[in-house]
Amino acid sequence: MANGSSARIVAALEEWIGTAAPGARLPSTRALVERYAASPVTVQKALRTLAAQGLVESRPGVGTFVRAIRVARANDYGWQTAALGSPRHRAPGLPTSLRTTPNDVIALHSGYPDRELLPERLVRAAFARAARGDAVVGRPPAAGLPELQAWFAAELGAMTPAGLAPPASGDVVVLPGSQSGLSTAFRALVGAGRPLLVESPTYWGAILAAAQTGVRLVPVPSGPRGPDADELARAFEESGARAFYAQPNFANPTGASWPPDLARRVLATVRAYGAFLIEDDWAHDFGIDADPMPLAALDDGGHVIHLRSLTKSVSPAVRIAGLVARGPARERVLAAAQAESMYVSGMLQAVALDIVTQPAWRTHLRGLRRQLAARRDLLAGALREHAPAARLESLPAGGLNLWVRLPDSTDLPRLVRDCEDAGVVIGPGDEWFPAEPAGAYVRLTYSGPHPGALPDGARVLGRALARQHGTTTPPGP
């Protein structure tokens, strides 16, 4: 017993555990040191080995005990069927864009920018500074840190034309990400069972938020230049809706940016029907050939509810968004937000504020624009060369993805499977329509990892389409 190796101690204790009752307490570390003439480090190593094998469990301050043997049996949760009942609104499943994939896959589906497109050094430094401040232990105001509210208001106010009143910091409610913002806005401004006009196709997160809040979606056809203004007015008239959710800049998934004349017509229509425009400015930081012009900057009458996210451009770990609403609508939004989350982490707010107020933030955004332009053009050129059947209706002036029209006879589920079997994951367009799809589409991101593989992904897509439609595709290596 003088052998001090941890293996000998493990073997001896395994034999003892085999005869001990579940829950029996092992001798103390000091007793084991004396028994096996070993050092405390060796004994602790043996105990960690036994714990890793699932034979013992340690309870800090109490001791180490023989782990009870759990009998394997089938789970029976059938009683929950009756307790839960039928769901009032069956929510859609999570989309392909949230899937995680192995590193060796060409990911053309992701909804988040690759790590190399994020301001990682700024984020790390901001977290380090925030950890030393009061935000790490304090409770922030319900509407958000005043300094962060002021930043969101000032950004929008800088784009407000002369003659219109810019938003005040008190008009801002800070929220834990834009998805929470959509649910909050839909709940506060629309309400369960009531109609909400949406572009079709539209952001899948808005479809999910509507399903979870019980809001009834009314699709309005939308194309490369935005929604049909006449159809929008008709939808307001026929549905009685008092709100319209839209993405006027770099829409997800279509990439559309509204021209000024359409923006004016939509605002006039919204005002005429005494309605709200819930403006999702998710891609504010992802302009390539153009800078975004939020419609909220053109309205000081409280018709436009402006939702501005920082999550995608700063870091997925910093889920922060600002919602600008004026008048009683702001109080309803704040009440709904408090009911859901009480307040947003002061730590994350401090981090977000630190990042966006650094001079290096503007430098990062200028470099990001160049990177996104190169990636977008690489993928678009590869599609023209290797997948001519996949048609781009327009080249987006910003955003993170291309919206690609396929031949009408395309078997989309089969195409998705064939591409994945060849190591390429794509996003089926069906997930972005609030009703039946208007055609066969895929959404392809150019902001994922390994941008050099974008031509390979286009080549795989082209070959899969060629097999379906009996056409030829340009030869590749």
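This is a short walk through a predicted model, one selection at a time.

**Stop 1: two crossing helices**

Start by selecting residues 120-131, helix H5, together with residues 346-356, helix H13. The two pack at an angle of about 130°, and their axes are 9 Å apart. That angle makes H5 oblique to H13. If you turn the view to look at how they cross, the crossing of H5 and H13 is right-handed.

Now show the side chains where they meet. On the H5 side, pick Leu 122, Val 123, Ala 126, Phe 127, Arg 129, Ala 130 and Ala 131. On the H13 side, pick Met 347, Leu 348, Ala 350, Val 351, Asp 354 and Ile 355. What classes of residue make up this contact of H5 with H13? Colour by class and you get 11 nonpolar, no polar and 2 charged residues.

**Stop 2: the open sheet**

Next, bring up the 5 strands that form an open sheet, in the order E3-E14-E15-E13-E12. The pairing in this sheet is mixed. Which strands stand at the edges? Select 106-108 for E3 and 391-392 for E12: each has a single partner strand, so one side of each is left without a neighbour in the sheet.

Zoom in on E13 (residues 401-405) and E15 (residues 441-445), which pair in the antiparallel sense over 5 bridges. A handy landmark here is Leu 402, which stands opposite Leu 444 in E15.

**Stop 3: Val 190**

Jump to Val 190, in the loop between helix H7 (178-189) and strand E5 (195-200). Is this residue buried or exposed? Val 190 has a relative accessibility of 5%, so it counts as buried. Show what is around it: Val 190 touches Ala 185, Pro 195, Leu 196, Val 215 and Ala 243, leaving aside residues up to four places away in sequence. For a sense of scale, draw a line from the C-alpha of Val 190 to that of Leu 412: they are 34 Å apart in space and 222 residues apart in sequence.

**Stop 4: two cis peptide bonds**

Most peptide bonds are trans, so the next two selections deserve a look. Ser 200 and Pro 201 are joined by a cis peptide bond, with omega about 10°. You'll find Pro 201 in the loop between E5 and helix H8 (204-213). The other is the bond from Asn 252 to Pro 253, also cis, with omega near 25°. Pro 253 is in the loop between strand E8 (243-246) and helix H10 (260-272).

**Stop 5: two positive phi angles**

Most residues other than glycine have a negative phi. Select Met 342, which is not a glycine but has a positive phi of about 65°. Met 342 lies in the loop between helix H12 (328-341) and H13, and it is exposed, with a relative accessible area of 54%.

Finish at His 450, again not a glycine, with a positive phi of about 55°. His 450 sits in the loop between E15 and helix H16 (454-469). With 48% relative accessibility, His 450 counts as partly exposed.

Definitions and conventions. Residues numbered from 1 in each chain as written. Predicted model: local features only at pLDDT ≥ 70, side-chain atom pairs only at ≥ 80, totals over all residues. Heavy atoms only, no water. Axes fitted to C-alpha atoms, helices over the stretch in contact; angles between N-to-C directions. Helix = DSSP H or I, 4+ residues; strand = E, 2+ residues; numbered from the N terminus. Parallel < 35°, antiparallel > 145°, perpendicular 65-115°, else oblique. Left-handed = near helix turned anticlockwise from the far one by under 90°. Contact = heavy atoms within 4.5 Å. Nonpolar A, V, L, I, M, F, W, Y, C, P; charged D, E, K, R; others polar. Pairing = 2+ DSSP bridges. Buried < 20%, exposed > 50% of the residue type's maximum accessible area, 1.4 Å probe, protein only.
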